[in-house]
Amino acid sequence: MDDLRTTLSTFSTDERKEFRQFIQRQRRKQKGRMDVRLCDLLLHQKEYTTEELLTRLYPEEPNAVAYYALRKRLMRHLTDYLLLRQRQQDPTAASSVRGLLTLAQYLFEVGVPRLAWSTARKAEKLACQNEQYELLNTVYNLQIAQAGSKYADDLLDIIQRRNLNKKAADEEERANIADSLIRQRLRQARVKGRAGESFDTILQDVLREYDLQEAFARRPALLYRLMSIARAAMLVRRDYLSFAPFVMRCYHLMEKRHGFQPAHREAQLGLLYMIAHSLYRTRRFRESVEYLERLRAVLESGPKLESTGLRARYTFLLAANYAFLRRNADSIRLLEDILRTPLAPRDQLTARLGLGFHYFAEGQFQKTNQALLGIGRTDHWCEQEMGVEWVLNRNMGEMLTQLELGNPDLALNRLRAIERLIKERFGPDGGGYAAVLYYLQLVRDIVDEPELARTSAFAERAAQIPSFVPLEQEDLQALSFYSWLKARIQSRPYYEVLLELAGATEAVPAG
C-alpha cells in the first residue's frame, strides 16, 4: 500500500484540482512538471507499482534516485497545502492564538517591541478566554523572554500567571496521557476479542497514577477525557446499562453548574455523542435521536469544525437508530450519501458493513452482497484495523447473504472459515465465542436441511444458545444474527423479528 497515494485519494474532486494548482503556484509552466505528473499517476484509478511509476515517469531510463526525490518534493507540497488550508478553514480560537503568537514573535525579532507586546497581550487574552493552556504557556514563555523591554508587563506578574496556567496545562496533559494509555490497551483487547476483564483495575490505576480522580468535576475538557476512558472500559465489558445514566448525569450536572462555553464545544460534542451512543446501545432509540439532534445543533451553531470524523460517526449512529425506528430506507439513504464523500479507511469499513446490514433488513440481498464485496479488504487487514469481532460480523453477514441468495455451498464455505478462525484463535471450544460456534452449527443444519428450521425440536435447540448477558442487554449486532435464525423458525420477515426482539415498538416521524 502506498501511503502517499492513500492520503491523496482522501481529497475530493475540487480539493484535487486545488492541490494541483497549489503545486504550480510558484512556477506557472503547465507542461513538464514532474511533481504534478506524479500526483496524477498516484490519483489514477489504477494503483501503479513502483516499477510502473518509474517507467511512466522516466520512460527512457528509470531513475529511482530522482523518483524518491520527487516523492519527497510532492510530500512537501502536500504538507504546505494542508497547513495553509487548515489556517484558512480553522476559525477556532487555537488558530487565532497561533496567528497572534506568530505575529508577536516576528515583531520582536524585527524590533517593533510596542506592537509586539500589544499583540502578545491579545494572544494571552484570547488563549485565557478559550482555555488554550498549552498555547498560553508558549505565550507566557515569550513574554518572559522579552520582559526586558520597557513595554513589558511586570516580570513577577507574568511568572505568577504562567505558574497558575502551568497547573491547568499539566492537568490536561496528564488527561491526554491517561486517555492514550487506555485507548492503546483497548485496541489490544479488541484484537483478542472478548477479553480484558481487568479494565476496571487498569482504569483505577491510571486515574490514580495521573491524579485525575477529582479534576473532571471542574472542567468540561477533562470531564470529556474521563468519560472517554470510562467509555473505553464500558465497550470492553459491554456494560452499556450502567454507563448511559452515568454519562447523562455527569453531562447535565456540568451543564447546570458551569454551562458549556464556546471554548468547550469540542468536549460538549463528544459528550453528546457518547450519550446518544449509549442510549442506542440500551435500545432507547428515540432518546438517542433526540441527543443526536442536540449534537447537530451544537455542530452547526458555531464555525465549521475539524469534525469530518465526528460527522461520519453522527451519520452512522443516526442510520443505526433509524433502522430500529422503522425508517430503514432513511438509514440506507444516509449511508449511500456519505459513501459518496471522502472517508477515512475505518469509516469506509463501518459505512459499507452498516449499509450491507440495512440492505439485508430490506431483503435486498444482491445489494447486500455488493456492499460487502465493496469492502475490498482481506480479513487480516480488517482485523488489524477494526478487531476480530468486526471481522466475524462481516463474515457472518456474508454467510447469511449467500444463503439468502440461494448459494448454500458458498455459505457453507464461509461458515467453515468462521469456525476455523474462532477455533484457531480461541481454542476448540471457542472460548468467549462458544455461543457463535453453537449458532454456526444451527446454521449448518439449515444449510443441510432447510425445512428443519420449522420443527419444534430445532426451535428448542435455538432457544438454548448460550448468552453472555440477558437478551435485553445483548449487543444489537449479535441480536441481528439471532433474529435471522428466529425468523427462519417462525417463517416471518427478518426485519419484523429484529424490531420485536430489540423492543422497537414505535417509529420516529421523518423530519
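Before sorting any residues, I noted that buried means under 20% relative accessible area, while exposed means over 50%. I also reminded myself that I am reading a predicted model.

**Entry on helix H19.** I looked up helix H19, which covers residues 379–386, and found that Cys382, Glu383 and Met386 are buried there. Where do these residues lie around the axis of H19? They cover an arc of only 100 degrees, which puts them on the same side of H19. When I turned to the other side of H19, I found His380 and Gln384, which are exposed. I then followed the chain to the position just after H19, where Gly387 takes a positive phi of about 100 degrees.

**Entry on the cavities.** I next looked up the cavities of 30 Å³ or more, and the count comes to 2. The largest cavity has a volume of about 80 Å³. It is lined by 13 residues, and I wrote down those closest to its centre, which are Phe357, Phe360, Gly397, Thr401 and Phe481.

Which helices each supply at least two residues of this lining? I listed H17 (345–361), H18 (365–373), H20 (388–404) and H24 (476–490). Among the contributors, H17 gives the most to the lining of the largest cavity, with 4 residues.

Methods: Residues numbered from 1 in each chain as written. Predicted model: local features only at pLDDT ≥ 70, side-chain atom pairs only at ≥ 80, totals over all residues. Heavy atoms only, no water. 1 Å grid on protein atoms, 1.4 Å probe; cavity = no way out; pocket = protein on both sides within 12 Å on 5 of 7 lines; lining within 4 Å. Points joined across faces, edges and corners; volume = space filled by probe spheres on them. Buried < 20%, exposed > 50% of the residue type's maximum accessible area, 1.4 Å probe, protein only. Arc of directions from axis to C-beta.
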